[in-house]
Amino acid sequence: MRIVVDLNRCEGYAQCAFLAPDVFAMHGQEALMYDPGPGEERSEQVLRAAAACPVQAITVEGEVLSDVR
């Protein structure tokens, strides 16, 4: 799994950091830091974080075994 975040689109709402704190973190009030290659064990958290992004700035690429319901 690979994560790509469009940092030009990201507005710092931090929903991703709340839902997947091991993968996403806010640095200051507006700068997002993230792990572009988290392990598959975090796939459910990452998919939920991507779905919760109000501006849809997060793209998840590659094989993802779990399904967000």
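Cys16 touches Pro21, Phe24, Leu32, Ala49 and Ile58, when residues up to four places away in sequence are not counted; contact here means heavy atoms within 4.5 Å. Cys16 lies in helix α1, where helices (H or I, at least four residues) and strands (E, at least two) are DSSP runs, numbered from the N terminus. The relative accessibility of Cys16 is 8%, so the residue counts as buried; buried means under 20% relative accessible area, exposed over 50%, and partly exposed in between, with a 1.4 Å probe and protein chains only. The C-alpha atoms of Cys16 and Leu32 are 9.5 Å apart, and the two residues are separated by 16 residues along the chain.

The model is predicted, and local features need pLDDT of at least 70, side-chain atom pairs count only at pLDDT 80 or more, while totals for chains, interfaces and linings use all residues. Residues are numbered from 1 along each chain as its sequence is written, and side-chain values use heavy atoms, with hydrogens and water left out. The mean pLDDT (the predictor's confidence in each residue, from 0 to 100) of the protein is 90, and 90% of its residues reach 70 or more. In the protein, confidence is lowest in strand β3 (residues 31-34), with a mean of 94, and highest in α1, at 97. Where pLDDT is low, the predicted coordinates should not be read in detail.

The secondary structure consists of two helices and four strands. Along the sequence these elements follow the pattern β-α-β-β-α-β. Of the contacts in the protein with a separation of 6 or more, 57% are accounted for by residues 24 or more positions apart. The protein has 69 residues, of which 28% count as buried. It exposes about 4,500 Å², and carbon and sulfur atoms supply 47% of that area; accessible areas come from the Shrake-Rupley method with a 1.4 Å probe, and for residues only the protein chains shown count as cover.

The largest nonpolar core has 15 residues; such a core is a set of buried Ala, Val, Leu, Ile, Met, Phe, Trp, Tyr and Cys residues joined through side-chain atoms within 4.5 Å. The residues with the most contacts inside this core are Ile3, Val5, Cys16, Val23, Phe24 and Ile58. At least two core residues come from each of β1 (2-5), α1 (15-19) and α2 (43-52). Helix α2 gives the most, with three residues. Ile3, leaving aside its neighbours within four places in sequence, is in contact with Val23, Phe24, Tyr34, Asp35, Pro36, Pro38, Val46, Ile58 and Thr59.

One cavity of 30 Å³ or more is present in the structure. On a 1 Å grid over the protein atoms alone, a cavity is a set of points where a 1.4 Å probe fits but cannot get out, and lining residues have an atom within 4 Å of a point. Grid points are joined across faces, edges and corners, and a volume is the space filled by probe spheres set on the points. The largest cavity holds about 90 Å³ of space. Its lining is made up of 14 residues, and those nearest the cavity centre are Cys10, Tyr13, Ala14, Cys16 and Cys53.

Ala14 is found in the loop between β1 and α1. Its relative accessibility is 25%, so Ala14 counts as partly exposed. Ala14 has a positive phi of about 70°, although it is not a glycine. A positive phi is also found in Gln56, a residue other than glycine, at a value near 50°. Most residues other than glycine have a negative phi. Gln56 is placed in the loop between α2 and β4 (58-61) and counts as partly exposed because its relative accessibility is 45%.

The loop between β1 and α1 also contains Asp6 and Asn8. Asp6 is partly exposed, with a relative accessible area of 33%, whereas Asn8 counts as exposed at 80% relative accessibility. For Asn8 and Ala57, 49 residues apart along the chain, the C-alpha separation is 8.4 Å. Glu40 lies in the loop between β3 and α2 and is partly exposed, with a relative accessible area of 34%. The C-alpha atoms of Glu40 and Met1, 39 residues apart along the chain, are separated by 6.6 Å.

Technical notes
On a 1 Å grid over the protein atoms alone, a cavity is a set of points where a 1.4 Å probe fits but cannot get out, and a pocket is an open set with protein on both sides within 12 Å along at least five of seven lines; lining residues have an atom within 4 Å of a point.
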